[in-house]
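Here are a few notes to read with the structure open beside you. Take them one at a time and find each residue as you go.

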Amino acid sequence: MVGAVSVASDVSELTELDRLKDEFIRVMAHELKTPITVLKGYATVLSQALGPGLSPEHARMLQAIDRNTERLARLFSELIDAQQISLGCFEIIAQTFDLASLVEEAVGEAAAKAPRHRVRIVWSEPIAVFADPERMRELMQILLGNAVRYSPNGGDIDVSLAQFDSVARVSVLDHGIGIPRDRQDRIFQRFYRAHTGTAHDYGGTGLGLYVARTIVERHGGTIALESDEGRGSVFTFGLPIGNARH
Ligand code: ADP
């Protein structure tokens, strides 16, 4: 009996520690987000204001600040999302909007940041959806960011958006390094990284696709991957539009 009591108190202590850890990460991620946003904003303003007047070396330095603050912002955003998911407070605030405009905007932003790739829309049509536009933006940023990052030699990144019955289907296709078949099953798991320890380990948290899957599933949709190692990948998600409000 004494043993049972002590196991129970160990478990509740561990649960409490786990909760404190989650809370700590959530607070830290929030606290660090503001300074990073400020740094990124100033780096952008400086490079726009000084643009042609900068020496190539200083231009490279500003670009490095811009790139790295962007990376930090992404890491923190993924960390905050993952914590919110595990704390059960990952919010979806839905409204009706045109998914095509949002996808086009995300593709435009990704294209501007990836001059060595051709990020483009190959098919799109206006589709009114009832969804969380911020989360949809995040989802597109994760998929497009990965498509660029895991295509180190550049190449086309083709995005398409079409409606099939009451589902909006979006796909992001790249011609990058692909994902080995035996690692595809775990790709949406929290912290899973398929290229750890290989020449294609470009760093990251393994949280992006976990957050992406959660966003899609919280909207009642599904996300899937098809990939050929060495040839490229296509991520496709389907979003029910049935409850879009006009
Ligand atoms: P991260 O990119 O931060 O490691 P993600 O959760 O976004 O985490 O992706 C998980 C893993 O899936 C990556 O580490 C990578 O191995 C693989 N991956 C994701 N997107 C692609 C892609 N477009 N092409 C090839 N591999 C990918």
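1. Start with Ser 160, which stands opposite Ser 171 in strand E5. Strands E4 and E5 pair in the antiparallel sense over 8 bridges. Two strands count as paired if DSSP finds at least two bridges between them. Helices (H or I, at least four residues) and strands (E, at least two) are DSSP runs, numbered from the N terminus.

2. A word on what you're looking at: this is a predicted model, where local features need pLDDT of at least 70 and side-chain atom pairs count only at pLDDT 80 or more, while totals for chains, interfaces and linings use all residues. Residues are numbered from 1 along each chain as its sequence is written, and side-chain values use heavy atoms, with hydrogens and water left out.

3. Now look at the turn. The hairpin of E4 and E5 has 2 residues between the strands, and Asp 165 there takes a positive phi near 50 degrees. E4 also pairs with E2 (residues 117-123): these two run parallel, joined by 6 bridges.

4. How many aromatic pairs does the structure hold? There are 2. Rings of Phe, Tyr and Trp (its six-membered ring) pair if their centres lie within 6.5 Å; planes under 30 degrees apart are stacked, over 60 edge-to-face, and the rest tilted. Tyr 150 and Tyr 202 have ring centres 5.7 Å apart and planes at 40 degrees, so this pair is tilted. Tyr 150 is in the loop between helix H4 (133-149) and strand E4 (155-164), and Tyr 202 in the loop between strand E5 (167-174) and helix H5 (208-218), so the pair ties together parts 52 residues apart in sequence.

5. The other pair, Phe 188 with Phe 235, is edge-to-face, at 6.1 Å centre to centre and 90 degrees between the planes. Phe 188 sits in the loop between E5 and H5 and Phe 235 in strand E7 (residues 232-240), 47 residues apart.

6. Last stop: Ser 227, in strand E6 (residues 222-228). Ser 227 is buried, with a relative accessible area of 8%. Leaving aside neighbours within four places in sequence, Ser 227 is in contact (heavy atoms within 4.5 Å) with residues including Gly 178, Arg 181 and Gly 232.

Note on methods:
Buried means under 20% relative accessible area, exposed over 50%, partly exposed in between (1.4 Å probe, protein chains only).
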